[in-house]
Amino acid sequence: MSEAGGPILHCLCGGVEVRLSSLPETVGVCHCAMCRRWTSGPWMAVQAPGSVITGDTLVIYSSSQFAERGFCSRCGSHIFHRPKDGPELAISAGLLPEGRLAITREIFHHAKPLWYRFDASSRKRSAFGMALEWGPKLAWRRFARLWRG
Ligand SMILES: [Zn+2]
Ligand SMILES: [Zn+2]
């Protein structure tokens, strides 16, 4: 366990370390085209804001106007995805030890190819649903930043 409260995870080569803020029990799946290109499949992740990610081989890639992705430059392990503005932090579920993890949420479900699917009774969200959730949140953060000056 780390001082942050959860277990300490690492990438395939050990170059990148993740000190989890807690031990999550739910997994989210993203079927978007970017995640599928990034991971060669849907990306499965846990939400663990406040986790501390360190390592000499950690590279942060700006993948869009809104978000960035972290990976290990030596072994290629996918580590995290987070918005550039905001506390959310998704950590690759594959880094976690075996546990009582369950898929509870699938996002960008409309972008999922037909050749795979999960046998999970998860909440499935489309791009429209995601826009409804994230649009006001991002707009509010932009406004709050302008307000603070
Ligand atoms: Zn590595
Ligand atoms: Zn995605």
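**Overview**

Glu88 counts as buried, because its relative accessibility is 15% (buried means under 20% relative accessible area, exposed over 50%, and partly exposed in between, with a 1.4 Å probe and protein chains only). The model is predicted: local features need pLDDT of at least 70, side-chain atom pairs count only at pLDDT 80 or more, and totals for chains, interfaces and linings use all residues. Residues are numbered from 1 along each chain as its sequence is written, chains are lettered from A and ligands numbered from 1 in the order in which they are written, and side-chain values use heavy atoms, with hydrogens and water left out.

**Salt bridges**

- The structure contains 10 salt bridges, a salt bridge being a side-chain nitrogen of Lys or Arg within 4 Å of a carboxyl oxygen of Asp or Glu.
- Glu88 and Lys137 are joined by one of these salt bridges, at 3.5 Å from N to O. This pair connects distant parts of the chain, 49 residues apart: Lys137 belongs to helix H2 (residues 127–148), and Glu88 to the loop between S8 and S9. Helices (H or I, at least four residues) and strands (E, at least two) are DSSP runs, numbered from the N terminus.
- Lys137 is partly exposed, at 26% relative accessibility.
- Lys137 also forms a salt bridge with Glu133, with 3.9 Å between the closest N and O atoms. About one helical turn separates Lys137 and Glu133, because they are four residues apart in helix H2.
- Glu133 has a relative accessibility of 25% and therefore counts as partly exposed.
- A network of salt bridges links Glu88, Arg105, Arg125, Glu133, Lys137 and Arg141.
- Arg19 forms a salt bridge with Glu17, and their closest N and O atoms are 3.0 Å apart. Arg19 is partly exposed at 25%, and Glu17 is partly exposed at 27%.

**Zinc site**

- Cys11, Cys13, Cys72 and Cys75 coordinate the zinc ion (ligand 1) through their SG atoms at 2.3 Å. Donors are N, O and S atoms within 2.8 Å of the metal (3.2 Å for Na, K and Ca); water is not among the atoms, so sites may look incomplete.
- The arrangement around the zinc ion (ligand 1) is tetrahedral, because the four donor atoms subtend angles of 105 to 117 degrees; four donors count as tetrahedral if all angles lie between 85 and 135 degrees.
- The ideal angle for four tetrahedral donors at a metal is 109.5 degrees.
- The donor residues follow the spacing C-x1-C-x58-C-x2-C in sequence.
- Cys11 is buried, at 2% relative accessible area, whereas Cys13 is partly exposed, at 33%.

**Sheet**

- An open sheet of mixed pairing is formed by eight strands in the order S6-S7-S8-S9-S4-S3-S10-S11. Two strands pair if DSSP finds at least two bridges between them.
- Strand S6 (58–62) and strand S11 (123–124) are the edge strands, each pairing on one side only.
- Strand S8 (residues 78–83) and strand S9 (residues 90–92) run antiparallel and are joined by two bridges. His81 stands opposite Ala90 in S9.

**Positive phi angles**

- Ser40, which is not a glycine, has a positive phi of about 65 degrees. Ser40 lies in the loop between helix H1 (33–39) and strand S4 (43–47), and is exposed at 68% relative accessibility.
- Phe108, also a residue other than glycine, has a positive phi near 50 degrees. Phe108 is found in the loop between strand S10 (102–107) and S11, and counts as partly exposed at 25% relative accessibility.

Technical notes:
Four donors count as tetrahedral if all angles lie between 85 and 135 degrees; four count as square planar and six as octahedral if opposite donors are over 155 degrees apart and all others between 65 and 115; anything else is irregular.
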